[in-house]
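Subject: Handing over the structure

Hi,

Here is the structure I promised to pass on to you.

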Amino acid sequence: MHSPDQQITVTGAILAGGRGTRMGGRDKGLIPLGSGYMVESVIARLRPQVTELLLNANRNEPVYADLGVPVVADGVGDFAGPLAGLAACLRASRQPWVLTCPCDTPLLPMDLASRLIQAVRTGDAALSVAHDGDRLQPLFALVPVHLAADLETSLMQGEYRAGRWFQRQGAAIADFSDCPQAFLNINTPADQVAALRHLDSKRASRP
């Protein structure tokens with residue numbers, strides 16, 4: 001389906017459209033981390049890997065827009081979940097592929113895109129999803145924009161579970177078992193401290 005020399009151009013889609021329920025309703029992308037917002041760490045790690053960026057948000061849009069990334073709101077439902085954000089980004093993308101990641105994963109792999117692309121190619125699949133060696137990470141995925149209509153149909157039918165939709169599409173699995181810590185997501189203040197400690201150690205180790 002995809003020859004090895006076929007170039008894949010990708011829109012990176014950062015999903016920041018949730019309610020932040022486990023963080024007391026806070027907008028997780030705008031939680032302070034280091035010298036900026038948590039989403040800024042995600043932007044910095046994802047931007048070099050993709051052709052362009054989009055950010056899915058359903059509140060605080062002007063704040064996100066000030067970060068220099070186009071903001072796209074969900075087109076269906078009321079905080080309908082990450083699949084609704086993916087659907088909106090598939091429609092807004094100017095590239096044939098969309099790579100998703102959540103806004104609360106500031107340690108995401110620097111080779112996320114290349115591994116997801118390789119999984120699509122070697123698996124001869126329509127899309128790919130990350131696996132950390134223990135569990136599927138369905139919010140880290142590479143999806144072609146031509147699946148937008150299928151995804152929107154699923155949402156209208158009440159299917160909001162990302163893992164189930166990817167399984168039905170026959171997604172290839174990208175192995176990240178060598179770096180499971182890269183998928184740490186910030187759900188508690190303790191997670192926030194752990195992520196900040198890890199980022200500080202990375203900076204300290206640079207020459």
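Below is what I found, going from the whole chain to a few elements and single residues.

First, the ground rules. This is a predicted model, in which local features need pLDDT of at least 70 and side-chain atom pairs count only at pLDDT 80 or more, while totals for chains, interfaces and linings use all residues. Residues are numbered from 1 along each chain as its sequence is written, and side-chain values use heavy atoms, with hydrogens and water left out.

The chain as a whole: there are 7 helices and 9 strands, where helices (H or I, at least four residues) and strands (E, at least two) are DSSP runs numbered from the N terminus. Of the 207 residues, 50% count as buried; buried means under 20% relative accessible area, exposed over 50%, and partly exposed in between, with a 1.4 Å probe and protein chains only. Among contacts (heavy atoms within 4.5 Å) with a separation of 6 or more, 72% are between residues 24 or more positions apart.

Now to strand S6, residues 97-102, where 6 of 6 residues are buried. Trp97, Leu99 and Cys101 point one way, while Val98, Thr100 and Pro102 point the other way. Strand S1, residues 10-16, runs parallel to S6 and is joined to it by 6 bridges, with valine 10 partnering tryptophan 97. Strand S8, residues 136-144, runs antiparallel to S6 and is joined to it by 4 bridges; here tryptophan 97 has proline 144 as its partner.

Threonine 11 sits in S1 and is buried, at a relative accessible area of 0%. H3 (residues 82-92) and H5 (residues 148-156) pack at an angle of about 150°, with their axes 9 Å apart. The axes are lines fitted to C-alpha atoms, for helices over the stretch in contact, and angles run from 0 to 180 degrees between N-to-C directions. H3 and H5 are therefore roughly antiparallel, as angles over 145 degrees count as such, those under 35 as roughly parallel, 65 to 115 as roughly perpendicular and the rest as oblique. In H3, Leu83, Ala84, Leu86, Ala87, Leu90 and Arg91 meet Ala148, Ala149, Leu151, Glu152 and Leu155 of H5. By class, this contact has 9 nonpolar, no polar and 2 charged residues; Ala, Val, Leu, Ile, Met, Phe, Trp, Tyr, Cys and Pro count as nonpolar, Asp, Glu, Lys and Arg as charged, and the others, Gly among them, as polar.

Serine 154 is also found in H5, and counts as buried at 4% relative accessibility. Leaving aside neighbours within four places in sequence, serine 154 touches Glu159, Trp165 and Arg168.

Helix H1 (residues 38-46) is mostly covered, with 7 of its 9 residues buried, including Met38, Val42 and Leu46.

Last, a loop residue: asparagine 58 lies between strand S4 (52-57) and helix H2 (61-65), and is partly exposed at 21%.

Best wishes

How values were computed:
Pairing = 2+ DSSP bridges.
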